[in-house]
Amino acid sequence: MVLDVTDDKIRVLIADDQSIIREGLQILLASEAGIEVVGIADNGKSALEAIALLQPDVALIDIEMPHMDGLATAKVLCQRHPNVKILILSSHDDRSYLLDALQAGASGYLLKSTAATDVAKTIRSVHRGHLVFGPGMSAPLVAQLLARESDTPNIQAEMLDVVRATFDSERLRSSAQHFARHPQARELWKALTDEIYGDNTNLAGPYLAGWFAHNRDRNTALAMHYFASGFERGLQIHAERKHLEAFYQAGKTLHPEVAFGWLLQATSPWQQSPTDRSALLTEAAAVFGVQSSTYQRLLIRTRIQALEQMSDRLARASSKLSILQQGFDAIPASDRELKRPALLMLR
């Protein structure tokens with residue numbers, strides 16, 4: 001949304017998906033001398049469009065928005081409009097978020113709990129070219145920067161030891177909780193993904209990454225991606241069934257319908273024998289219910305497979321009988337009566 005503007009003021013654009021925040025900031029800044037709100041947006045994409053049109057001096061951007069979050073918006077904004085100062089607005093008093101904001105190109109980081117008078121002060125400081133953080137944020141940043149030099153290599157080494165050890169689903173899930181809550185979680189995530197794509201035979205990496213994504217950001221889609229990747233990798237390297245079972249159970253915890261689909265692949269151990277297929281049918285009943293279309297389709301498919309196997313056995317038996325009959329027919333008629341009892345026994 002474009003607003004009426006005047007000259008000789010700090011031109012500010014507000015981007016936040018919560019209308020109460022946008023309106024509150026707009027009212028607050030309207031009373032501040034030398035500051036003019038020139039536009040508002042409710043997501044990252046519309047913010048970029050408005051910034052291209054209005055060319056504000058400062059963009060006040062919420063870190064969490066639909067379509068494009070604040071960090072992604074900041075990165076694009078730095079590339080397209082380097083003269084626009086970026087002030088990230090966040091509800092996270094978290095050092096890792098603060099560092100991410102700086103890496104994305106922000107000139108400031110402001111908590112939504114910041115006092116009204118400090119918001120305008122921060123906007124003015126950012127406009128003058130200063131690197132500014134909201135009250136209480138500078139000390140944590142310094143501590144974080146100091147800790148990175150000594151702590152990061154150690155915690156990364158610890159994580160890589162876990163990834164490279166023998167696959168143990170319980171240990172990996174517990175470790176994922178530990179690493180996801182660590183102050184260096186984002187650095188650990190990068191190291192973990194580098195490790196995963198560097199070794200296509202390792203199963204611990206995808207399993208740890210799945211629980212890491214779930215524990216830290218509650219990102220079910222990303223977690224399922226890694227669990228599915230681990231299951232596929234396990235099929236390719238002919239991993240033990242218990243390892244494949246671990247990936248399935250992890251996926252089932254988050255999205256049972258999707259995870260069940262992994263078991264239906266042709267190379268899945270759950271497709272290899274009548275006993276396995278029976279177990280699969282039992283699992284379908286537990287996940288979907290016996291009245292579900294999924295269970296009914298699988299039941300029909302299981303019966304068809306059983307009939308096909310019976311047909312194959314009959315065909316093989318018929319072929320053997322045909323060979324025996326040909327041998328019998330080749331016996332001279334005078335000898336048939338003598339050898340018939342033995343041939344009948346063979347049948």
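This is a predicted model: local features need pLDDT of at least 70, side-chain atom pairs count only at pLDDT 80 or more; totals for chains, interfaces and linings use all residues.
I then looked up the elements of the chain and found the lowest mean pLDDT, 52, in helix 15 (residues 333-346), while strand 1 (residues 10-15) has the highest, 96.

Next I turned to strand 1, where I found five of the six residues buried, so I wrote the strand down as mostly covered. I followed its pairing to strand 2 (residues 35-41), which runs parallel to strand 1 and is joined to it by six bridges; in this pairing Arg11 stands opposite Glu36. On tracing the path between these two strands, I noted that strand 1, helix 1 (residues 19-30) and strand 2 form a right-handed β-α-β unit. I also looked up strand 3 (residues 58-62), which pairs with strand 1 over four bridges, again in the parallel sense, and there Ala15 has Ile61 as its bridge partner.

Last, I checked the length of helix 9 (residues 204-217): its 14 residues, at 1.5 Å a residue, should span 20 Å, and this agrees with the model because the end C-alpha atoms are 20 Å apart. I recorded helix 9 as mostly covered, with 12 of its 14 residues buried, among them Tyr207, Trp211, Phe212, His214 and Arg216.

Definitions and conventions
Residues are numbered from 1 along each chain as its sequence is written. Side-chain values use heavy atoms; hydrogens and water are left out. pLDDT is the predictor's confidence in each residue, from 0 to 100. The expected span of a helix is 1.5 Å times one less than its number of residues. Buried means under 20% relative accessible area, exposed over 50%, partly exposed in between (1.4 Å probe, protein chains only). Two strands pair if DSSP finds at least two bridges between them. A crossover is right-handed if, with the strands pointing away from the viewer, the path from the first strand over the helix to the second runs clockwise.
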